[in-house]
Amino acid sequence: MTVQNIIKKAIKRLELEGKLLTPDFYAEAFCKEALKAGIQSDDCNKIDGFKNSLNKEFQKELKQYNIKTMAELSRFLISKLNRTNPSHCSSILESQTILVKKILNAIALLHNQQATELAKQNMKLLSGEPSSSEIDQFRQLWINFVESYDDTFLYKLKSLGHIDNVDLKKSIENLKISKTDNNQKSQSVKLKEIASLLVSSLVPSISAKADEKIVSLSKKIKKDPQMLDNDGIDKEIQKAISLRILLDKESVKEMIASLDGVLDKLSSRIIEMIESSDSSNEEIKGIKKELETYTEHNGTNFKKAHKKLLTIAVSLEEHTKSLSHDLRIHSNEVSMLDKKVKELEKELKKAKDASKEDFLTKLYNKRALDEHMEIKEGEYKRYGHNYSIVMFDLDHFKNVNDTYGHAAGDAVLAAFAKILKHETRNVDVVGRFGGEEFMALLEETDAKGGFIFADKVRKHVQKARFMYKGKRIAVTVSCGVSERKANSSLQSTINNADEFLYYAKEHGRNQVAYKR
């Protein structure tokens, strides 16, 4: 490793340790990195040479105090020399400590937050018995503060006077801040403007009435804008604003009531006009006359609305005849369309009845299941071919709909249908019996075989990840199995499968029940 690399690593070490790039700190970091790299340096070994030249008692003390740098060795030797007169040394040390505390007290009073905080921490340290390492740490903090202190913020005040870098008090006294009446004049002008705006805002925007309290306050403010600086004026203004709002609200209520009466009459008459066909033109003329004679009620109606309604009535009068004529022409077309719609609805119902597939799960629907059960029953009666019926019901399905919505419930039903279809043989029949209930018809299968099939479906459902919009929905299924040979009829087989299903649900769910 080259010397350049050691220098770079030494500087990096100082950055990591948060130390400034001073000669002593640099020398210490350089020697550590050189020793780490296995390179011997005379400068780094100089301290060891001095140590070896001292007597063994001193060497032992140096090792005890962990003396590593020349500065530490110098302080050690000086303290040894001072101890030649212990009482004098102790007195000097005590005086120096008191002096340092007084200096720190003085620094804490200066107008610098960082220096004040550092001084307080230092005084707290000196109140106890600090170690040399703690004192060195604070010494470094003070060095960092002094070297990084920046007083350029004072120059922002240069435009207001001479800045004295040595005496902050003089700098403040030198600032030329003139106290003239300009501010007072400016404030007076602003108060007049605000007073004018405030008086305008107190005038009701809808109501034609004016409250005496509002008028009185407005006159006072106009006459003496300076009263806006008085205590308690804000409460008077708030009361006046509340009164203004109340007046406008009452006025709006009256206007709305007035307009509602006109609209109700107009609406009812128009409906009557449409229903009475030939006499409608005369009815609209009557509405027009009512609107023409409609006068202000208590001085508070919507004049513009009144005019607009009058225009509507005139327009309706002009177009009533053509409207009646058009209605007669299109009446036959509407009747024909109505017949076609009814025919289409009948055809759609027939198509739905004829369909054998459930639209959501793409499995057989109940109608198709009934047909297949009849076929299986015929084969059983003629040839003795046994079969089993398995009923499935998704556990707590209502909670899925309530928690995640019906769209999520539909997604779960469709996913379960895929699992059911995947686990069945080609000769078996599966379908949606209704809601969250499904059925499987298993050919040439007894109750035990039905249990094996149903339990395989149950385990598949329990392990499956039913996802909807990034959220996993936990789903389980309960099953009931019944075979034809153990029952007297097809209906009895269905009923028993259903009873076993409810037994499974009542005894903990997520299980298969059958007659063993």
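Where is the place of Lys-362? Lys-362 is found in the loop between H14 and H15. The model is predicted. This report starts with that loop and then visits other parts of the chain.

## Two residues with positive phi

Most residues other than glycine have a negative phi. Lys-362 is not a glycine, yet its phi is positive, at about 65°. How exposed is Lys-362? Its relative accessibility is 48%, so it counts as partly exposed.

His-396 is not a glycine either, and its phi is positive, at about 50°. This residue sits in the loop between strand E1 (387-394) and helix H16 (397-404). With 45% relative accessibility, His-396 counts as partly exposed.

## Salt bridges across the chain

How many salt bridges does the structure hold? There are 18 salt bridges. One of them joins Asp-358 and Arg-432 through their side chains, at 3.3 Å from N to O. This pair links distant parts of the chain, 74 residues apart. Asp-358 is in the loop between helix H14 (303-354) and helix H15 (366-383). Arg-432 is in strand E2 (residues 429-434). Are Asp-358 and Arg-432 buried or exposed? Both are buried.

Glu-423 and Lys-456 also meet in a salt bridge, at 3.8 Å from N to O. Again the pair links distant parts of the chain. Glu-423 belongs to helix H17 and Lys-456 to helix H18 (residues 447-463), 33 residues apart. The relative accessible area of Glu-423 is 15%; buried means under 20%, so Glu-423 is buried. Lys-456 has 44% relative accessibility and therefore counts as partly exposed.

## A salt bridge within one helix

Asp-136 forms a salt bridge with Arg-139. The closest N and O atoms of this pair are 3.6 Å apart. Why are Asp-136 and Arg-139 separated by about one helical turn? They are three residues apart in helix H8 (residues 132-148), so about one helical turn separates them.

Now look at their accessibility. Asp-136 has a relative accessible area of 25% and is partly exposed. Arg-139 is partly exposed too, with a relative accessible area of 38%.

## Aromatic rings

A pair of aromatic rings is described by the distance of the centres and the angle of the planes. How many aromatic pairs are there? The count comes to four. Take Phe-416 and Phe-438. Their ring centres are 4.9 Å apart. Their planes stand at 65°; an angle over 60 degrees counts as edge-to-face, so this pair is edge-to-face.

Elsewhere, a ring meets a charge. The charged end of Arg-516 sits over the ring of Phe-451, 5.8 Å from the ring's centre.

Rolling a probe the size of a water molecule over the atoms shows where empty space is left. How many cavities of 30 Å³ or more does the structure hold? It holds two. The second largest cavity has about 40 Å³ of space. Its lining consists of Arg-13, Leu-14, Glu-17, Lys-19, Phe-25, Glu-28, Ala-29 and Lys-32. Helix H1 (3-17) and helix H2 (23-37) are the elements that give two or more residues to this lining. H2 gives the most, with four residues.

What is the class make-up of the lining? The second largest cavity is lined by three nonpolar, no polar and five charged residues. Among the lining residues are Arg-13, Glu-17 and Lys-19. Salt bridges that share partners join Arg-13, Glu-17, Lys-19 and Glu-33 into one network.

## Leu-35 in helix H2

Leu-35 lies in helix H2. Is Leu-35 buried or exposed? Its relative accessible area is 65%; exposed means over 50%, so Leu-35 is exposed. How far is Leu-35 from Ile-6 in space? The distance is 9.8 Å, C-alpha to C-alpha. In sequence, Leu-35 and Ile-6 are 29 residues apart.

How values were computed: Residues numbered from 1 in each chain as written. Predicted model: local features only at pLDDT ≥ 70, side-chain atom pairs only at ≥ 80, totals over all residues. Heavy atoms only, no water. 1 Å grid on protein atoms, 1.4 Å probe; cavity = no way out; pocket = protein on both sides within 12 Å on 5 of 7 lines; lining within 4 Å. Points joined across faces, edges and corners; volume = space filled by probe spheres on them. Nonpolar A, V, L, I, M, F, W, Y, C, P; charged D, E, K, R; others polar. Phe/Tyr/Trp six-rings, centres within 6.5 Å; stacked < 30°, edge-to-face > 60°. Lys NZ or Arg CZ within 6 Å of the ring centre and 35° of its normal. Salt bridge = Lys/Arg side-chain N within 4 Å of Asp/Glu carboxyl O. Buried < 20%, exposed > 50% of the residue type's maximum accessible area, 1.4 Å probe, protein only.
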